[in-house]
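This report describes the helical packing, the nonpolar core and selected individual residues of one protein model. The sequence and structure are shown first.

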Amino acid sequence: MSSTSSDRAVGARDRDSEGRARNARPRDGLGRPLPYGADGVARQPEGVVRTPDRTVAEAQTLLDAGRPFHAHEVFEDAWKSGPEAERGLWRALAQLAVGLTHSARGNVTGGARLLRRGAQGVRDWAADSGVREPYGMDVAGLVGWARALADAVEDGTAGAVDAARSAPRLRAGA
């Protein structure tokens with residue numbers, strides 16, 4: 001007999017193949033859990049080691065598709081697997097993606113806070129490293145985008161944030 005959501009014991013936890021707790025509920029494009037059995041979007045695989053250029057390209061594709069939660073997973077992989085000197089950059093980019101996620105979900109306070117924190121992190125990393133366009137990314141453009149969106153989310157001029165329409169361009173001219 002197969003297990004369904006109605007068969008689950010109260011308090012039972014989904015587990016991955018290694019026994020770690022992992023929610024198996026399907027997710028929507030913004031990473032929100034859906035009911036068991038609902039059609040969701042494919043999950044972004046975790047723990048994938050990519051080149052920095054591949055990370056930027058894959059994250060941009062996800063952002064363009066209105067899936068910033070999934071783009072954050074790509075940045076998080078780079079943050080966890082990349083060189084120590086770049087971890088602050090990837091962490092800040094993940095924060096920008098989560099800020100866009102929260103903004104699109106209607107979480108004004110969390111969205112604006114994470115957009116500003118990510119913008120500051122990207123700016124600080126570029127200033128400290130002396131790298132103005134890491135992997136072709138437009139640091140000044142990202143910082144400006146994040147601050148403008150945070151302001152618009154907070155003051156209400158953004159209205160309902162559409163993640164795809166509000167997605168940043170990671171690389172200038174891309």
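## The loop residue N107

N107 is located in the loop that runs between α3 and α4; helices (H or I, at least four residues) and strands (E, at least two) are DSSP runs, numbered from the N terminus. With a relative accessibility of 30%, N107 is classed as partly exposed, where buried means under 20% relative accessible area, exposed over 50%, and partly exposed in between (1.4 Å probe, protein chains only). N107 and V153 are separated by 46 residues in sequence, and their C-alpha atoms are 8.9 Å apart in space.

## Basis of the model

The model is predicted: local features need pLDDT of at least 70 and side-chain atom pairs count only at pLDDT 80 or more, whereas totals for chains, interfaces and linings use all residues. Residues are numbered from 1 along each chain as its sequence is written, and side-chain values use heavy atoms, with hydrogens and water left out.

## Overall architecture

The protein contains five helices and zero strands, and its pattern along the sequence is α-α-α-α-α. Of its 174 residues, 41% count as buried. Contact means heavy atoms within 4.5 Å; among contacts between residues at least 6 apart in sequence, 56% join residues at least 24 apart.

## Packing of α2 against α3

Helix α2 (residues 68-81) packs against helix α3 (residues 87-104) at an angle of about 165 degrees, and the two axes are 8 Å apart. Axes are lines fitted to C-alpha atoms, for helices over the stretch in contact, and angles run from 0 to 180 degrees between N-to-C directions. The arrangement of α2 is therefore roughly antiparallel to α3; angles under 35 degrees count as roughly parallel, over 145 as roughly antiparallel, 65 to 115 as roughly perpendicular and the rest as oblique. The crossing of α2 past α3 is left-handed, that is, the near helix is turned anticlockwise from the far one by less than a right angle, clockwise being right-handed.

On the α2 side, the contacting residues include F69, H72, F75 and W79, and on the α3 side they include W90, L93, A97 and L100. By class, this contact of α2 with α3 has 12 nonpolar, two polar and four charged residues. Ala, Val, Leu, Ile, Met, Phe, Trp, Tyr, Cys and Pro count as nonpolar, Asp, Glu, Lys and Arg as charged, and the others, Gly among them, as polar.

## Packing of α4 with its neighbours

The axes of α3 and α4 come within 7 Å and cross at roughly 160 degrees, which means that α3 is roughly antiparallel to α4. The crossing of α3 past α4 is left-handed. Among the residues in contact are G88, L89, L96 and G99 of α3, together with G110, G111, L114, G118 and G121 of α4. The contact of α3 with α4 comprises 12 nonpolar, nine polar and one charged residue.

For α4 and α5, the axes come within 9 Å and again cross at roughly 160 degrees, so α4 and α5 are roughly antiparallel to each other. Their crossing is left-handed. The contact includes V108, L115, R116 and R123 of α4 and V139, W145, D151, V153 and E154 of α5. In the contact of α4 with α5 there are 13 nonpolar, one polar and five charged residues.

## The nonpolar core

The largest nonpolar core has 37 residues, and those with the most contacts inside it are F75, W90, L93, L96 and L170. Such a core is a set of buried Ala, Val, Leu, Ile, Met, Phe, Trp, Tyr and Cys residues joined through side-chain atoms within 4.5 Å. At least two residues of this core are supplied by each of α1 (52-64), α2, α3, α4 and α5; its largest share, nine residues, comes from α3. In soluble globular proteins, nonpolar side chains tend to be buried together.

Leaving aside neighbours within four places in sequence, L96 is in contact with L114, L115, G118, A119, V122, L142, W145 and A146.

H70 lies in helix α2 and is buried, with a relative accessible area of 2%. Not counting residues up to four places away in sequence, H70 touches D28, G29, G31, V41, A42, R43, Q44 and L62.

Y135 lies in the loop between α4 (108-129) and α5 (139-155). Although Y135 is not a glycine, it has a positive phi of about 55 degrees. Most residues other than glycine have a negative phi. Y135 is partly exposed, with a relative accessible area of 30%.
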